[in-house]
Amino acid sequence: MAITYQIDPAAKLVHTRVEGRVSLEDMLSHAHLLKSDPAFRPEYSNLIDLSNFIGTDLHQDAMKAFAQGFQGEIFAPSAKRAVVAPSDSAFDISRKFQAMRPNQENFQVFHTMDEALHWLQASPNKAMLFE
């Protein structure tokens, strides 16, 4: 699977890693797995790492549906979501996704992990970030 995650209950953080090329099926499967995980809490923050992301097969309408929660938003509206997008292509796609969201304040895109963690005010288990 192109999308994996770890939950850090102490930091109230879900660390999501996206690798390779991501499809609609990958995104739907990830959402289902996360939502059904007993350790998941909708109010947790989400750190999305696109360091190894190379692209997506999602067309504009599907991306908009996800951005606006039509596919079943699993995080609470107040939950902060930070995207780490080091490459220009990942950063551009993430900013487009952010612009489609109804609540853009709690969804921010960064070039570095340090910037994202600072904005989230998160102190995750550092080992978790590198597993």
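The structure is a predicted model, in which local features need pLDDT of at least 70 and side-chain atom pairs count only at pLDDT 80 or more, while totals for chains, interfaces and linings use all residues. Residues are numbered from 1 along each chain as its sequence is written, and side-chain values use heavy atoms, with hydrogens and water left out.

**The whole chain**

The protein chain holds five helices and five strands. Here helices (H or I, at least four residues) and strands (E, at least two) are DSSP runs, numbered from the N terminus. Along the sequence, their pattern is β-β-α-β-α-β-α-β-α-α.

The radius of gyration, taken over C-alpha atoms, is compared with a globule rule of 2.2 Å times the number of residues to the power 0.38. For 131 residues, a compact globule would have a value near 14 Å, and the 13 Å of the protein chain agrees with this. Along the principal axes, the C-alpha atoms fill a box of roughly 35 × 30 × 30 Å.

A residue is called buried under 20% relative accessible area, exposed over 50%, and partly exposed in between (1.4 Å probe, protein chains only). By this rule, 46% of the 131 residues count as buried. A contact means heavy atoms within 4.5 Å. Of the contacts between residues at least 6 apart in sequence, 76% join residues at least 24 apart.

Strand β3 covers residues 45-56, and nine of its twelve residues are buried, so the strand is largely enclosed by the rest of the structure.

**A loop residue**

P9 lies in the loop between β1 (3-8) and β2. With a relative accessible area of 46%, P9 is partly exposed. P9 and A39 are 30 residues apart in sequence, and their C-alpha atoms are 7.4 Å apart in space.
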